[in-house]
2 protein chains.
Amino acid sequence: MEPIGIGLAGFGTVGAGVYKNLATNGDLISQRMGARFEVRKVAVRDLSKPRSVEAPEALFTTNLDELLSDPSIRIVVELMGGIEIPLEFVRKAIRAGKIVVTGNKALLAEHGQEIFHLAREHRVPVFYEAAVAGGIPIIKVVRESYVGNRFLSIHGILNGTSNYILTRMTDTGMDFAPALEEAKQLGYAEADPTLDINGWDAAHKALILASLAYGFWLDPDQIFVSGIDQVTAADIRFADELGYRLKLLATIQAGPENAIEVRVCPTLIPKSHVLASVNGVFNAVAVKGDIAGDSLFYGRGAGQDPTSSSVISDLAEAAAAIESPRFCYGFTSHDLYGKCQPVDESISRYYLRLAVNDRPGVLAAIAGALGEAGIGILSVIQPEGQEGDSVPLVLMIHDASYGAMRKAVERIAGLDCVRDQPVLLHVESFS
Amino acid sequence: MEPIGIGLAGFGTVGAGVYKNLATNGDLISQRMGARFEVRKVAVRDLSKPRSVEAPEALFTTNLDELLSDPSIRIVVELMGGIEIPLEFVRKAIRAGKIVVTGNKALLAEHGQEIFHLAREHRVPVFYEAAVAGGIPIIKVVRESYVGNRFLSIHGILNGTSNYILTRMTDTGMDFAPALEEAKQLGYAEADPTLDINGWDAAHKALILASLAYGFWLDPDQIFVSGIDQVTAADIRFADELGYRLKLLATIQAGPENAIEVRVCPTLIPKSHVLASVNGVFNAVAVKGDIAGDSLFYGRGAGQDPTSSSVISDLAEAAAAIESPRFCYGFTSHDLYGKCQPVDESISRYYLRLAVNDRPGVLAAIAGALGEAGIGILSVIQPEGQEGDSVPLVLMIHDASYGAMRKAVERIAGLDCVRDQPVLLHVESFS
């Protein structure tokens, strides 16, 4: 059988991993598939840049268009990073009839609607298992295995860098800055970790999962995203005392009247929930379907080998799609439910930490402000042994809308007895 | 678009669940798939038996052949239970060109080789997501998502009944018999729980996973299977003291020279491993691929709704396969590695509990017998506060072949100082 020609756009960590692992396990893959892959061209920005994996010099080019004009290339694999150049490349690839495999979560989250519209128009499949949760096959599971389910919720720990930092802060009591520094030294955080830290890497992944679960693309500007850079060792310690772990959690769930909520933020998770035990650089996704019930998918969320494992599974799908085009259009639709739930209408429990003057009447004033807003208090802890001008006061708050809670916190922040800015975090009870 | 006709063979718990959930979520499924399923006939053994889910009387028949002779039925779903009748039905269905969906693990484990040979010959796909681990999509994951990986190992908690019983024994200290009784009362164990208790239900599932991972069917007679009926509260307690949980664990792994080991037996798992936290009726499968690394898949391993969720995902695959037949033959092969590792050659750590006379020299005699066989001792506990003719002695044993260990235990059982039959259990260190 004729080998299936592949064009690799990008030869960074994942691109080089795909090349390496296709070579290492090529015989096994072709035994299983009945077809062999052959990388025909590799496009890179800089030919002189040292490569971590060896490949014949003749494969390399700096001209992306060469991948599209080569008729022996049936599948292009976009692993470049960035948005504008990949977007233009993917558009051209679809128009040229090349099957697209990409691991670019930012590209899909920002331009998924356009890309999949174009793909449908040209009847060209686009695969993206590597875009979410590295080696965990969550795209396939959500798209295919849950085809008979309404999704009640999806909760994910989707960013390994953040999870590593929070795990270290939890285990050692260290603060955010030294934990980030450690993550950089170990290669778990990039030189510029902005998107990992500010929650947007996880948010891109959450938007992709939401599009599969609910059949439409949410506007990134409308979802609630908050990173871990403001998380303090004190909050992790208080959460622990209350029976919770603090995680950067992506929550995707169906609200009333087909409104879909997507939020990514530091969230208190009960220690008894299995997501609370997902530590270090690992990722996990908990899926609740109306008939499948609760499931959890756990694994390596990043790294050369796990991510290239997902790319290779997409290549296998792509190879099948060459001969069986219908398959690629099954199992997903982009005109189902339909609107983004406004952040202020989302309902959750909360953790509220205040710095207050240590004098009588303070709790009454705060409870009063919450009570006026119709917001109930679940429990209060005033940690002992604290000294200084102000003392911490931690409140666990009943289910309330984020809008009501936000306004109440603004009022509380304005009280005379409250010092500093209040810390407000979501609490997920998985009810 | 013309609806896709389905014939249901069996209307027990799962069959009725498929009917119910296709009705409940039918609109959603057809939105996602672009195709609608319609159950055209339901074959049952006894028309007068009360049904848990309502369906039009006209659908029902006692004649399985009616499902095969109806040209409007494209897919047959075999959920009857038993082996001989389903085998004959599946053979006829394949010959009649009907796509087969089955949840029958015993059928596949015993006759998979014949069935898939016949299926390949007639180019008819056979799907079986519901046969292993209920609502967990482990078949799809192993078959498709890991297509680029060599499987280093698969470890599974694959029987919810056993896991419920062991969980209750662990949590309460109760013995096997009352825990089984409780499981029956709660509907977690059937009236005849033989296959759950003796390990063979899990073994059938393990054989199916092994066939996907290594590409050939192992002979059920050659694998090591041991159930939980001999597990005592004492062993669970000693395991706990040593830092382990006792689980009915299926181990599937590649040994030297392409020999594949499949064993299912009560196994000590370190408490720190995530499988040790899989409790109650839940199932979980830990997969180690050479490039994907460690992953875990967790969910409901049985029950009407979770299992029918898996059947429905197979129906979606089947519907895609009607138009795209090639796909069904990708991602798996049945002539890869190739032989079953003889049980006696498998290497593991062990837990050995003896009842011994409480007098000097006993440990020396036992250690001597192990030493002569070249078997090392990791640690020894002689629990305090025991009274009576004999006292327990628990040894943790270094990696040794099962054959050598078995012989050494036979010799130890013959020592004067040893009372009762020794208890030998596997220990999985996940190294």
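This is a predicted model: local features need pLDDT of at least 70, side-chain atom pairs count only at pLDDT 80 or more; totals for chains, interfaces and linings use all residues.
I took strands as DSSP runs of E of at least two residues and helices as runs of H or I of at least four, numbered from the N terminus; two strands pair if DSSP finds at least two bridges between them.

I then checked β2 (residues 37–43) of chain A, which two bridges join to β3(A) in parallel. A:Ala43 stands opposite A:Thr61 in β3(A).

Next I turned to cavities, meaning sets of points on a 1 Å grid over the protein atoms alone where a 1.4 Å probe fits but cannot get out. I found six of 30 Å³ or more, with volume being the space filled by probe spheres set on the points.

The second largest cavity holds about 90 Å³. Its lining (residues with an atom within 4 Å of a point) includes B:Val126, B:Tyr128, B:Arg143 and B:Asp314. In chain B, β6 (126–127), α6 (138–145) and α12 (304–323) each supply at least two lining residues.

Where does this second largest cavity lie? It lies between domain 1 (4–136 + 304–329) and domain 2 (138–300) of chain B, because both give residues to its lining. The domain bounds come from an automatic or database assignment.

On conventions, residues are numbered from 1 along each chain as its sequence is written, and chains are lettered from A in the order in which they are written. Local features need pLDDT of at least 70 and side-chain atom pairs count only at pLDDT 80 or more, while totals for chains, interfaces and linings use all residues, and hydrogens and water are left out of side-chain values.

Terms used:
On a 1 Å grid over the protein atoms alone, a cavity is a set of points where a 1.4 Å probe fits but cannot get out, and a pocket is an open set with protein on both sides within 12 Å along at least five of seven lines; lining residues have an atom within 4 Å of a point.
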